[in-house]
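Please open the model in your viewer and keep the sequence panel at hand.

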Amino acid sequence: MTDEILLSVKDLVKSYEGTSEVLNGISLDIHKGEVVVVLGPSGCGKSTLLRCMNGLEEYQSGSITLDGEKITKNGANMTALRQRIGMVFQSYELFPHLSIQDNITLAPVQVQKVPKEQAQAEAERLLERVDLLDKRTAYPRQLSGGQKQRVAIVRALAMHPEVMLFDEVTAALDPEMVREVLDVMLTLAEQGMTMVIVTHEMNFARAVADRIVFIDGGVIVEETDPETFFEHPSTERAKQFLKTFTFEKKA
Amino acid sequence: MQDTGLSILFRGINFLRLLQGLWVTLQISLISVGLSFIFGTLFGMLMTVKNRFVQAFCWLYLNFIRIMPQLVLLFLVYFGVTRQWQISLSAWSSAIIVFTLWGTAEMGDLVRGAIVSIPSHQYESAAALGMTKQQIFRFVILPQTIRRLIAPSINLITRMIKTTSLVEIIGMVEVLKTGQQIIDANRMQYPTGALWVYGAVFVLYFLVCWPISTLAGRLERKWR
């Protein structure tokens, strides 16, 4: 992790039409090489924050910048900016009509004009890293959820993004498949990738995070290192939230 | 020798006439299908435009065509337009116009349905990879739309082929009408001719529609 700020969110306010604010003044700096995990109860706005960071949502005020360049939904250079921001979704969203290899090479070839052979070699190299090289000619429907999600991560990585956003990427997976996806993310973190992760996997959050950001009601309630957050949360709201993950046998 | 009913088909040029009738059927249906696919694709894309006036227009067109029986549409174009605007339309052109109007409406609705059935996440995950709107449509949405359209559009083609038998009421002699003429002309000689002639017409329709359905099934399995 360095001091260089890569992604900067300032006073972000976002509301969907006709509702109260989902995000109510969020400010957050993501440093290069940093892994930030965003936690919070359902509906607290953490996914919306992530979607704003990739220009998938409009926002009412405030600003989001990548290296000083402003991110807005219909911004003129959004396609260029999005190439620098990888995003992985809860429901994988592979392209069902394309083979695994073509899923991965589509954007590099069409958007970045990488020669096809080079893109394929890169896809194979990345697939090897997630143990899926033998699936490169398969179609998404032939893969398990965990395999699909690993391909979705590889697809985003093939664009050589500077920062990766993960939006509850294990929420739709069977428990035994969660691990294989989280392991890939842990490896990425170790290699120094800048990451913003929204998750409900508390043990994973603790292991991977450099910093925990706890959001509730559209504002940042607590922002600290994982050790402090999980052992000595300073706010009542965070204590309550953490309690929902522990179970005790009723007397 | 006692003539069996079957030999009515091979008397004179009867069978050739049936084939000529089939050719008329095929001409009308295939030209209309071709035009309907082109206009229907455009109409379907138009239906997804988020503009109240465009949507009202599309709704009106689709429902007008759907509610009107094809028979009425044929009368309306063949007799109505001719009288009203002094335009002389042949039965052939009228048939093409009516079946294209109908096919465009039905095909358009299929295209619209296929486009809106692509989950919004597909657009988003493609956008997140830095693809432009045009690239997303061409490489992600369009190929999936086409795959979803195969079964319902093949169904529409065979429906259109079968419905062209209506054009006899504006004086066209297609395969079914030809069959009726053959039966009428040989009523005395072949009292049971109807069964054989209609049977032959059935087989001809089957021979046309069956390969199309088979092709659709094969494509669907391939692109499942």
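A residue is called buried when its relative accessible area is under 20%, exposed when that value is over 50%, and partly exposed in between. The model is predicted, and every value quoted below is computed from it.

**Stop 1: B:Asp109**

Select B:Asp109, which is located in helix α4 of chain B. Is B:Asp109 buried or exposed? With a relative accessible area of 16%, B:Asp109 falls under the 20% limit and is therefore buried. Now display the surroundings of B:Asp109: apart from neighbours within four places in sequence, the residues in contact with it are B:Met47, B:Leu62 and B:Arg66.

**Stop 2**

**Stop 3: another bridge, and a network**

Select B:Glu168 and B:Lys177. Their salt bridge brings the closest N and O atoms to 3.8 Å. B:Glu168 counts as partly exposed at 22% relative accessibility, and B:Lys177 likewise counts as partly exposed at 25%. Over all chains, the count of salt bridges comes to 22.

**Stop 4: B:Ala194**

Go to helix α8 (residues 193–222) of chain B, where B:Ala194 is found. B:Ala194 is partly exposed, with a relative accessible area of 29%. Draw a distance between the C-alpha atoms of B:Ala194 and B:Gly179: they are 8.3 Å apart in space and 15 residues apart in sequence. Beyond its neighbours within four places in sequence, B:Ala194 is in contact with B:Ile183 and B:Gly199.

**Stop 5: a nonpolar patch on chain B**

Which element gives the most to the nonpolar patch? That element is helix α1 (residues 14–47) of chain B, with six residues. B:Met45 lies in this helix and is partly exposed, with a relative accessible area of 34%.

**Stop 6: helix α1 of chain A**

Turn to chain A and select residues 46–53, helix α1, which is mostly covered, with seven of its eight residues buried. The buried residues are A:Lys46, A:Thr48, A:Leu49, A:Leu50, A:Arg51, A:Cys52 and A:Met53. Just after this helix, pick A:Gly55, which takes a positive phi of about 70°.

**Stop 7**

Select A:Arg125 and A:Glu122, whose side chains meet in a salt bridge at 3.2 Å, N to O. The two are separated by about one helical turn because they stand three residues apart in helix α4 (residues 116–129) of chain A. A:Arg125 is partly exposed, with a relative accessible area of 42%, while A:Glu122 counts as buried at 16%.

**Stop 7: where the chains meet**

Finally, show both chains and select the residues in contact across them: 24 residues from chain A and 18 residues from chain B. Between them the chains bury about 1900 Å², 60% of it on carbon and sulfur atoms. On the side of chain A, A:Glu93, A:Phe95 and A:His97 lose the most area to chain B, together 29% of what that side buries.

How many salt bridges are counted between chain A and chain B? The count is one. Select A:Arg51 and B:Glu124 to see a salt bridge whose closest N and O atoms are 2.6 Å apart. Six residue pairs are in polar contact between the two chains. To close, highlight α2 (78–83), β6 (85–88), α3 (100–110) and α5 (145–157) of chain A, the elements that give two or more residues to the side of chain A touching chain B.

Conventions: Residues are numbered from 1 along each chain as its sequence is written. Chains are lettered from A and ligands numbered from 1 in the order in which they are written. This is a predicted model: local features need pLDDT of at least 70, side-chain atom pairs count only at pLDDT 80 or more; totals for chains, interfaces and linings use all residues. Side-chain values use heavy atoms; hydrogens and water are left out. Helices (H or I, at least four residues) and strands (E, at least two) are DSSP runs, numbered from the N terminus. Buried means under 20% relative accessible area, exposed over 50%, partly exposed in between (1.4 Å probe, protein chains only). Contact means heavy atoms within 4.5 Å. Buried area is the accessible area (1.4 Å probe) that two parts lose on being put together, summed over both. A salt bridge is a side-chain nitrogen of Lys or Arg within 4 Å of a carboxyl oxygen of Asp or Glu. A polar contact is a pair of N or O atoms within 3.5 Å; within protein, one must be able to donate a hydrogen and the other to accept it, and residues adjacent in sequence count only if both atoms are side-chain atoms.
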